[in-house]
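This report looks at side-chain interactions in a protein chain.

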Amino acid sequence: MAIAKIGDKGVFTQELEDMLRTGDIDIAVHSAKDMPSQLSIGFELTAFTPRERANDVFVSRKSGARIDDPQVKLRVGSSSVRRTAFLKNYYPHLQIVDMRGNLQTRIGKMQAGVCDVLMLAFAGVHRMGFSHLIARELPLDQFIPPVGQGTMAVESSIHLAPEKRSRIRESVNHPATEKTVLAERAFLKKLGGGCSIPAFAHAVLSEDRIFLKGGIISLDGKELIIECRDALSEELESLGESVAEKVLERGGRRLLEEIRSEQEVNEKNI
């Protein structure tokens, strides 16, 4: 089963949240993009690490992979509904192969010939030391990343001792990243999207203003709704909400209904 079909709750967070709830651990560290827009009651995101480049990348087992050539039927591995939709939009000639597992597992499958190319986040590939396999870094203005891509989020219980919370923020939190990711998360929460919805948002902080681009794409990649706005940095939540509202008004509400309906049909046919 593809991860997108498991549900809106982040599948990698539940076990760690159970340990936070019992006090076995003080904090849990996640990829921010894996965090649901609405946390479970009793939890909060305490800090965000400095953001890596937020781009998606193509990772290839072949140097000089001819990604742009429609005559070359390359197979691209991905389990992301957003990446799959963007691939159908910008590279319709590529064959998409459902690819799950951690980074090492996916690369191993690629090396074994299950696919020719993987589509992944630059941040994970870079952190794990596989940058030499990157065949192309995809432009942010086309392949807009999911909320939080490129940064790590520190989750804790709201009952964490104040002195511990303060020390964590002083040691780890990157204020500029926090502002941009919180704007993106406000967008996703207002949109009503989850990990199974091909929504996306990316914010940039410049001096005292945040510039946010967000939207949604149909599963077949044929319909793409993007909205861009900016606001003062202290208005980050209202900025995210206003971008989401505009996306919904421009057809996003209908598109969300169509996506969920199509996914329900697909799940029944599995």
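Is R169 buried, partly exposed or exposed? R169 is partly exposed, because its relative accessible area is 26% and the buried class ends under 20%. The model is predicted, and every value here is computed from it.

## The R169–E178 bridge

R169 pairs with E178. Their side chains meet in a salt bridge, 2.9 Å from N to O. R169 is partly exposed at 26%, whereas E178 is buried at 15%.

E178 has another polar partner. The side chain of N173 makes a polar contact with the side chain of E178, at 3.1 Å.

## N173 in its loop

N173 sits in the loop between α5 (162-172) and α6 (175-191). Is this residue, N173, buried or exposed? N173 is buried, with a relative accessible area of 12%.

Leaving aside residues up to four places away in sequence, N173 touches T46, A47, F48, I168 and E178.

## Salt bridges elsewhere

How many salt bridges does the count come to? The count comes to 20 salt bridges. One of them joins the side chains of R83 and D56, at 3.0 Å from N to O. R83 lies in helix α2 and D56 in strand β3 (residues 56-60), so this bridge ties together parts 27 residues apart in sequence. Both ends are buried. R83 has a relative accessible area of 8%. D56 has a relative accessibility of 0%.

A further bridge links the side chains of E227 and R229, with an N to O distance of 3.5 Å. E227 counts as buried, at 12% relative accessibility. R229 is partly exposed, with a relative accessible area of 35%. Shared partners also build a network: salt bridges join D56, R82 and R83 into one.

## Aromatic pairs around F86

How many aromatic pairs does a search of the whole structure find? The search finds six. F86 and Y90 form a stacked pair, 6.0 Å centre to centre, with 20° between the planes. The stacked label follows because planes under 30 degrees apart count as stacked. F86 and Y90 are four residues apart in helix α2 (residues 81-90), so about one helical turn separates them. F86 is buried at 0% relative accessible area. Y90 is partly exposed at 26%.

F86 also pairs with F200. Their ring centres are 5.3 Å apart and their planes meet at 45°, so this pair is tilted. The pair links distant parts of the chain: F86 in helix α2 and F200 in strand β9 (residues 199-206), 114 residues apart. Both F86 and F200 are buried.

Which residues do ring pairs link into a cluster? The cluster holds F58, F86, Y90, Y91, F143 and F200.

## A charge over a ring

R53 and F122 give another kind of contact. The charged end of R53 sits over the ring of F122, and it lies 4.0 Å from the ring centre.

## Cysteines

How many disulfides does the count come to? The count comes to zero disulfides. C115 counts as buried, at 0% relative accessibility. C228 is partly exposed, with a relative accessible area of 45%.

## D69 in its loop

D69 lies in the loop between β3 and β4 (75-77). D69 counts as buried, because its relative accessibility of 18% falls under the 20% cut-off. The side chain of D69 makes a polar contact with the side chain of R66, at 2.4 Å.

Terms used
Residues are numbered from 1 along each chain as its sequence is written. This is a predicted model: local features need pLDDT of at least 70, side-chain atom pairs count only at pLDDT 80 or more; totals for chains, interfaces and linings use all residues. Side-chain values use heavy atoms; hydrogens and water are left out. Rings of Phe, Tyr and Trp (its six-membered ring) pair if their centres lie within 6.5 Å; planes under 30 degrees apart count as stacked, over 60 as edge-to-face and the rest as tilted. Helices (H or I, at least four residues) and strands (E, at least two) are DSSP runs, numbered from the N terminus. Buried means under 20% relative accessible area, exposed over 50%, partly exposed in between (1.4 Å probe, protein chains only). A charge sits over a ring if NZ of Lys or CZ of Arg is within 6 Å of the ring centre and within 35 degrees of the ring normal. A salt bridge is a side-chain nitrogen of Lys or Arg within 4 Å of a carboxyl oxygen of Asp or Glu. A disulfide is a pair of cysteine sulfur atoms within 2.5 Å. A polar contact is a pair of N or O atoms within 3.5 Å; within protein, one must be able to donate a hydrogen and the other to accept it, and residues adjacent in sequence count only if both atoms are side-chain atoms. Contact means heavy atoms within 4.5 Å.
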